[in-house]
Amino acid sequence: MATVYLHIGHPKTGTTAIQNFLCNNAGALEQHGICFPDFGFRYPKVSFRRNAHFLAAEYDSETHTADFSRPSEDYQKAFEQISELAKTYDRILLSEELLWRIGSNDPDFWTNTKADFDRLGLELKVIVYLRRQDLFVQSRYRQRIKTGETFSFYEFLNTIASTAYPLDFYTAAEKICSVVGKENLIIRIYEKGQFQGAEHTLLSDFLDIFGLSITDGFHSEDKAYNLSYEGTYLEMKRFLNALPEPVKKASVLSGSFREIHDSVPYALGVADRRSLFAPGEQEAFLAQYLPSNERLAREYLGREDGILFYDPFEELPQEKPDLEELLRDTILVYGRAIQKLDRSAESMERQAQRLEAEIQKLHSTSSLRNRIKRFLGKA
């Protein structure tokens, strides 16, 4: 019996890095009997590397509702391809981070999904990475601002509460296990000190799930994916998101923002790390999830001490860029934008001059031809 491993996130736990690694090492995976398939489906604003997106495609991005009585054409085609792949591969690997949220909020999602794999005679195992809740919400907020939102951090926390985002890890795990079984839920902790494998990295940890190591024919890039904004750049991006058109459509502005941000002439150092929470509120936010975390650690990971996350809590200064810093970095970004516009204008002017010279040349040639014709005509 072939086994489908479904990696479901949750978000901000290196899913993009994992998906890129799996795609870049598809050949090496196949050498070990693992298939990370590309079904050929393409969705707006969704990387093709998220190859389990067909399971989430029926869900509206805003309301996260679905009608499984009318499964998509891609849904059916994907299962047909999976059925064929199972004849060749013992293990099929799928990934989509939206499934952590979808599976927690839709009471029928796991039942329906498990039933569809069962019909093909396939075993289903679910992989989830968990990140400490107070760290997750800050990283998630930065990502949401990067992609175009304008709300403040505390407004964002209210959206987390109102949409019942699954930060109660024990309850979410129980929902999954009630359908797939506890033995088929693989829980990993997104924390550097808990990564398995010889390298103790996220990628070595993921391969360890399959009894593999980086040295088993795999290659990894020393590249960071999906970097977030901090400090003045985070606040500046939040302000810019209020423009009538998305910043990404304004190539000069967005390009200037990225260039200045990446050059970070006044970057914060490691010792200057900040929290988006007001003093004392981050620990209080985390405290509401400690009973759930402790229960999960004991019942799912066999940790009698009930400790799920090992990194100690740090009370960091609140991230509140002052007006002078914000003005400084704004000037840099808009100064760079003006430079780019000037360079573009100069290039267009040179091009216009070349075109004018060519037109004059053609005009002169045409005048000469007309004179010759008149001369020959008189002759």
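**Burial, salt bridges and a helix**

Analyst: Glutamate 319 counts as buried because its relative accessibility is 11%; buried means under 20% relative accessible area, exposed over 50%, and partly exposed in between (1.4 Å probe, protein chains only). This is a predicted model, where local features need pLDDT of at least 70, side-chain atom pairs count only at pLDDT 80 or more, and totals for chains, interfaces and linings use all residues. Residues are numbered from 1 along each chain as its sequence is written, and side-chain values use heavy atoms, with hydrogens and water left out.

User: Which residue forms a salt bridge with glutamate 319?

Analyst: Arginine 142 does, with the closest N and O atoms 3.0 Å apart. A salt bridge here is a side-chain nitrogen of Lys or Arg within 4 Å of a carboxyl oxygen of Asp or Glu. The pair links distant parts of the chain, 177 residues apart: glutamate 319 is in the loop between α13 and α14 (323–378), and arginine 142 is in helix α6. Helices (H or I, at least four residues) and strands (E, at least two) are DSSP runs, numbered from the N terminus.

User: Is arginine 142 buried or exposed?

Analyst: Buried, with a relative accessible area of 9%.

User: How many salt bridges does the structure hold?

Analyst: There are 17. One of them joins the side chains of arginine 50 and glutamate 96, at 3.0 Å from N to O. Arginine 50 lies in the loop between β2 (34–35) and α3 (73–85) and glutamate 96 in the loop between β3 (91–95) and α4 (99–105), so the pair ties together parts that are 46 residues apart in sequence. Both arginine 50 and glutamate 96 are buried.

User: OK, helix α13. Which residues are buried there?

Analyst: Ser292, Asn293, Leu296, Ala297 and Tyr300. Seen down the axis of α13, the buried residues fall within an arc of 135 degrees (taken from the directions from the helix axis to the C-beta atoms), so they line one face of the helix.

User: What covers the buried residues of α13?

Analyst: The cover includes β4 (123–130), α6 (133–146), α8 (169–180) and β5 (185–189). Contact means heavy atoms within 4.5 Å.

User: What span should α13 have?

Analyst: Its 12 residues (290–301) should span 16 Å at 1.5 Å a residue, the expected span being 1.5 Å times one less than the number of residues. The end C-alpha atoms are 15 Å apart, which agrees.

User: And what follows α13?

Analyst: Glycine 302, whose phi is positive, near 65 degrees.
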